[in-house]
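Look at the sequence and the 3D structure below.

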Amino acid sequence: MSVLSNPHNLSVTAHAITAADRHDHYGHDGAVLWLTGLSASGKSSLAMALEQTLMQLGYSCYVLDGDNIRGGLNANLGFSPEDRTENIRRVSEVAALFADAGLICITAFISPYRVDRDQARLRCKQGFHEIHVSADLATCEARDPKGLYKRARAGEIREFTGISAPYEAPERADCVVDTASEPLTASLEKLVAYVLAVLPYKT
């Protein structure tokens, strides 16, 4: 550990803007809407549609998408259990900053391990909402838009969630949408209704 990175040499600087100030500015509280589910469950499509809909309703929000983040902030990480944990740690820290700024941060990550999602909840505090994009493996594998399941079955991709690596579904998600049994529009309507209930917009 370098001298500069020693936590004893750090001093947290308080913001002059309060959470109430941010609420008055944006019209809503900051929050993290954490979408978790298997690859091809519909997380990214839902996240982007939710962002667009909420913006039209006056909310200030931004999506952190798994593939997008791995092309930049987390480009140096692979898919080992350790790297998956670090991927989610970094994302949750960034998401917490968005929420602290008064924005709604929508994340779309497989985030397969419960302990990592629990840690994300702790970092984001009361503004964290775990949303399970529930689609069974057979449905996701049938969709397979990137051909990843096919490659994983052929042994070309190691440690692929749902095939050769585990996915631990949420046990007490704050909201669940079943994208295997309903169209995207129906899942989107449920998510929007959930957000309006827990994060009302002050007009």
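## Cysteines and a binding site

The sulfur of Cys-124 is 7.7 Å from the closest cysteine sulfur, in Cys-105, so it is too far for a bond. A disulfide is a pair of cysteine sulfur atoms within 2.5 Å. For Cys-61, the closest cysteine sulfur is also in Cys-105, at 9.5 Å, too far for a bond. The whole structure has 0 disulfides.

This is a predicted model: local features need pLDDT of at least 70, side-chain atom pairs count only at pLDDT 80 or more, and totals for chains, interfaces and linings use all residues. Residues are numbered from 1 along each chain as its sequence is written, and side-chain values use heavy atoms, with hydrogens and water left out.

The table gives relative accessible area; buried means under 20%, exposed over 50%, partly exposed in between (1.4 Å probe, protein chains only).

| Residue | Relative accessible area | Class |
|---|---|---|
| Cys-61 | 10% | buried |
| Cys-124 | 8% | buried |
| Leu-38 | 9% | buried |
| Lys-43 | 8% | buried |

An unreviewed UniProt entry lists Gly-37, Leu-38, Ser-39, Ala-40, Ser-41, Gly-42, Lys-43 and Ser-44 for it. Such annotations may be inferred rather than shown by experiment; positions follow the numbering used here, and feature names are shortened.

Leu-38 sits in the loop between strand E1 (31–36) and helix H2 (43–56). Lys-43 lies in helix H2. Helices (H or I, at least four residues) and strands (E, at least two) are DSSP runs, numbered from the N terminus. Leu-38 touches Lys-43, among other residues (heavy atoms within 4.5 Å, not counting residues up to four places away in sequence).
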